[in-house]
Amino acid sequence: MLPFYGKVHVAYIPNGYITGLSKIARVVDIYSHRLQVQERMTLQIKECIEQTLHPLGVMVVVEARHMCMQMRGVEKQNSITTTSDFSGAFNQAKTRQEFMNLISH
């Protein structure tokens with residue numbers, strides 16, 4: 001068991017209720033500090049925000065470097081694994097692409 005580390009990008013479209021940014025960061029912290037795999041963590045963050053805020057849409061993108069890959073050879077030193085999960089308004093390709101454009105800078 002080796003750690004992975006990286007960035008988590010979260011977007012949600014409010015449905016009348018807006019939460020503080022620190023609450024989103026807290027959700028990410030809770031799920032990222034568990035013994036975890038990246039795919040499940042991505043899903044759990046999205047589901048937690050959905051169940052708590054009932055937004056019009058949620059999207060979570062996780063970009064991470066995995067120590068298991070970095071420790072095994074020069075070719076894999078700079079590899080990044082990206083996972084995403086989305087629902088609601090983010091099912092529309094245009095909305096999803098707008099978010100992806102924002103995080104690519």
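Methionine 41 touches Phe4, Val8, Tyr31, Ser32, Gln36 and Val62, leaving out residues up to four places away in sequence; contact here means heavy atoms within 4.5 Å. The model is predicted: local features need pLDDT of at least 70, side-chain atom pairs count only at pLDDT 80 or more, and totals for chains, interfaces and linings use all residues. Residues are numbered from 1 along each chain as its sequence is written, and side-chain values use heavy atoms, with hydrogens and water left out.

Methionine 41 belongs to helix α2. Because its relative accessibility is 3%, methionine 41 counts as buried (under 20% relative accessible area, with exposed being over 50% and partly exposed in between, for a 1.4 Å probe and protein chains only).

The chain as a whole has four helices and three strands. Helices (H or I, at least four residues) and strands (E, at least two) are DSSP runs, numbered from the N terminus. From that end the elements run β-α-α-β-α-β-α. The C-alpha trace spans about 50 × 30 × 20 Å along its principal axes. Of the 105 residues, 33% count as buried. Among contacts with a separation of 6 or more, 66% are between residues 24 or more positions apart.

The next topic is the pair of helices α1 and α2. Their axes come within 10 Å and cross at roughly 140 degrees. This makes α1 oblique to α2, because angles under 35 degrees count as roughly parallel, over 145 as roughly antiparallel, 65 to 115 as roughly perpendicular and the rest as oblique. The axes are lines fitted to C-alpha atoms, for helices over the stretch in contact, and angles run from 0 to 180 degrees between N-to-C directions. On the α1 side, Ile24, Val27, Val28, Tyr31 and Ser32 meet Met41, Gln44, Ile45, Cys48 and Ile49 of α2. By class, this contact has eight nonpolar, two polar and no charged residues (Ala, Val, Leu, Ile, Met, Phe, Trp, Tyr, Cys and Pro count as nonpolar, Asp, Glu, Lys and Arg as charged, and the others, Gly among them, as polar).

In soluble globular proteins, nonpolar side chains tend to be buried together. A nonpolar core is a set of buried Ala, Val, Leu, Ile, Met, Phe, Trp, Tyr and Cys residues joined through side-chain atoms within 4.5 Å. The largest one here has 14 residues, and Tyr12, Tyr31, Ile45 and Ile49 have the most contacts inside it. Two or more residues each come from α1 (21–32), α2 (38–53) and β2 (57–66). Helix α2 gives the most, with five residues. A second, separate core of six residues includes Met59, Val61, Phe99 and Ile103. Tyrosine 31, leaving aside neighbours within four places in sequence, is in contact with Gln36, Met41, Gln44, Ile45 and Cys48.

Histidine 66 lies in β2 and is buried, with a relative accessible area of 17%. Beyond four places in sequence, histidine 66 touches Pro3, Phe4, Gln38 and Thr81. The C-alpha atoms of histidine 66 and proline 3 are separated by 6.4 Å, though the residues are 63 residues apart along the chain. Aspartate 85 lies in strand β3 (residues 81–88) and is buried, with a relative accessible area of 17%. Apart from neighbours within four places in sequence, aspartate 85 is in contact with Thr42, Leu43, Lys46, Val58, Met59 and Val60.
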